[in-house]
Amino acid sequence: MAGYLPVMLDVSGQKIVVIGGGAVAERKVLSLLEAGAAVTVISPALTAVLSGLAGEGRIQWVARGYQHGDVPGAFLVYAASSDPAVNEAAAAEAKALGLPVNVASHAEAGNFITPGVLRRGRLTVAVSTSGAGPSAAAEITAQLADILGEEYEPYLDFLHMMRSEIKRQEASAEVRRRLLRRLGQLDVLNQLRQGTFIEWTPETARAWIAANREE
């Protein structure tokens with residue numbers, strides 16, 4: 001079994017080449033656009049969704065099949081055509097150039113796989129079965145969605161706001177650690193679940209920091 005290294009990549013503005021224009025490629029492209037990538041799709045035809053994205057200028061469409069020489073300059077390559085031979089040829093080119101490549105038709109032909117993803121604002125949870133079964137990964141991701149509800153998005157926004165305020169107001173590393181520890185003990189998550197949380201103003205945040213500085 002391949003041992004995969006979990007990594008969160010910043011692909012904003014990066015050129016990503018997707019080979020193929022079908023349903024599988026569509027899922028890859030939508031995920032990449034959500035992450036802010038600059039996507040180039042190489043395919044003779046596109047799904048209706050991808051065609052719409054091309055028409056809006058949100059993706060670059062090269063309206064032909066893959067040709068050797070299409071992947072240099074890419075940050076990542078997704079070989080997601082309906083032809084396994086095309087996918088493996090693109091993967092071979094990408095690997096020869098030292099580029100990370102995902103192969104939809106045969107995961108072992110590439111050198112990275114894409115996990116199931118659950119997003120709750122700042123929270124990103126990735127689920128991988130190491131290629132054993134995409135449907136199992138999707139089922140596990142759905143189960144996690146029930147556990148990690150929508151309240152995690154405002155909760156993490158709250159923590160981020162408070163952490164930023166603590167870092168801005170406190171020069172002492174020891175005091176910052178104390179405040180962050182106490183911040184984690186607040187019952188904000190349950191209050192959000194119950195609908196009783198009242199959003200903190202900057203004045204509330206400053207008052208809480210002042211009240212919790214000392215041991």
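The model is predicted, so local features require pLDDT of at least 70 and side-chain atom pairs count only at pLDDT 80 or more, while totals for chains, interfaces and linings use all residues. Residues are numbered from 1 along each chain as its sequence is written, and side-chain values use heavy atoms, with hydrogens and water left out. The structure holds nine salt bridges, and a search of the whole structure finds five aromatic pairs. Helices (H or I, at least four residues) and strands (E, at least two) are DSSP runs, numbered from the N terminus. Buried denotes under 20% relative accessible area, exposed over 50%, and partly exposed the range in between (1.4 Å probe, protein chains only).

**Helix H1**

- Helix H1 has 12 residues, which at 1.5 Å a residue should span 16 Å; its end C-alpha atoms are 17 Å apart, in agreement with that value. The expected span is 1.5 Å times one less than the number of residues in the helix.
- The buried residues in H1 are Ala25, Glu26, Lys28, Val29, Leu32 and Leu33. They cover an arc of only 165 degrees around the axis, which puts them on the same side of H1; the arc is that of the directions from the helix axis to the C-beta atoms.
- These buried residues of H1 pack against strand S1 (15-19), strand S2 (38-42), helix H2 (48-55), S4 and S5; contact here means heavy atoms within 4.5 Å.
- On the face of H1 turned away from its buried side are the exposed residues Arg27 and Glu34.

**Arg120 and its surroundings**

- Arg120 is located in strand S6 (residues 116-120) and counts as buried, because its relative accessibility is 10%.
- The side chain of Arg120 has a polar atom 2.7 Å from the backbone oxygen of Leu148. A polar atom of the Arg120 side chain also lies 3.2 Å from the backbone oxygen of Ala145.
- A polar contact is a pair of N or O atoms within 3.5 Å; within protein, one must be able to donate a hydrogen and the other to accept it, and residues adjacent in sequence count only if both atoms are side-chain atoms.
- Not counting residues up to four places away in sequence, Arg120 touches Ala145, Leu148, Gly149, Glu150, Tyr152, Glu153 and Leu156.

**Salt bridges**

- A salt bridge requires a side-chain nitrogen of Lys or Arg within 4 Å of a carboxyl oxygen of Asp or Glu.
- Arg119 is partly exposed at 35% relative accessibility, whereas Glu34 is exposed with a relative accessible area of 57%.
- Between Asp70 and Arg64 the closest N and O atoms of the salt bridge are 2.8 Å apart. Asp70 is buried at 13% relative accessible area, and Arg64 is partly exposed at 29%.
- Arg193 and Glu151 meet through their side chains in a salt bridge (3.0 Å, N to O). Arg193 lies in helix H7 (residues 188-194) and Glu151 in the loop between helix H4 (134-147) and helix H5 (152-169), so the pair ties together parts that are 42 residues apart in sequence. Arg193 is partly exposed, with a relative accessible area of 42%, and Glu151 is buried, with 18%.

**Aromatic pairs**

- Rings of Phe, Tyr and Trp (its six-membered ring) pair if their centres lie within 6.5 Å; planes under 30 degrees apart count as stacked, over 60 as edge-to-face and the rest as tilted.
- Among the five aromatic pairs in the structure, the rings of Tyr78 and Phe112 have centres 5.4 Å apart and planes at 85 degrees, so the pair is edge-to-face. Tyr78 lies in strand S4 (residues 76-79) and Phe112 in the loop between strand S5 (101-103) and S6, so the pair ties together parts that are 34 residues apart in sequence. Tyr78 is buried at 7% relative accessibility, and Phe112 is buried at 18% relative accessible area.
- The rings of Phe158 and Trp200 have centres 5.0 Å apart and planes at 85 degrees, so this pair is edge-to-face. Phe158 lies in helix H5 and Trp200 in the loop between H7 and helix H8 (202-211).
- Phe158 is buried at 6% relative accessibility, and Trp200 is buried at 18% relative accessible area.
- Phe158, Phe197, Trp200 and Trp208 are linked by ring pairs into a cluster.
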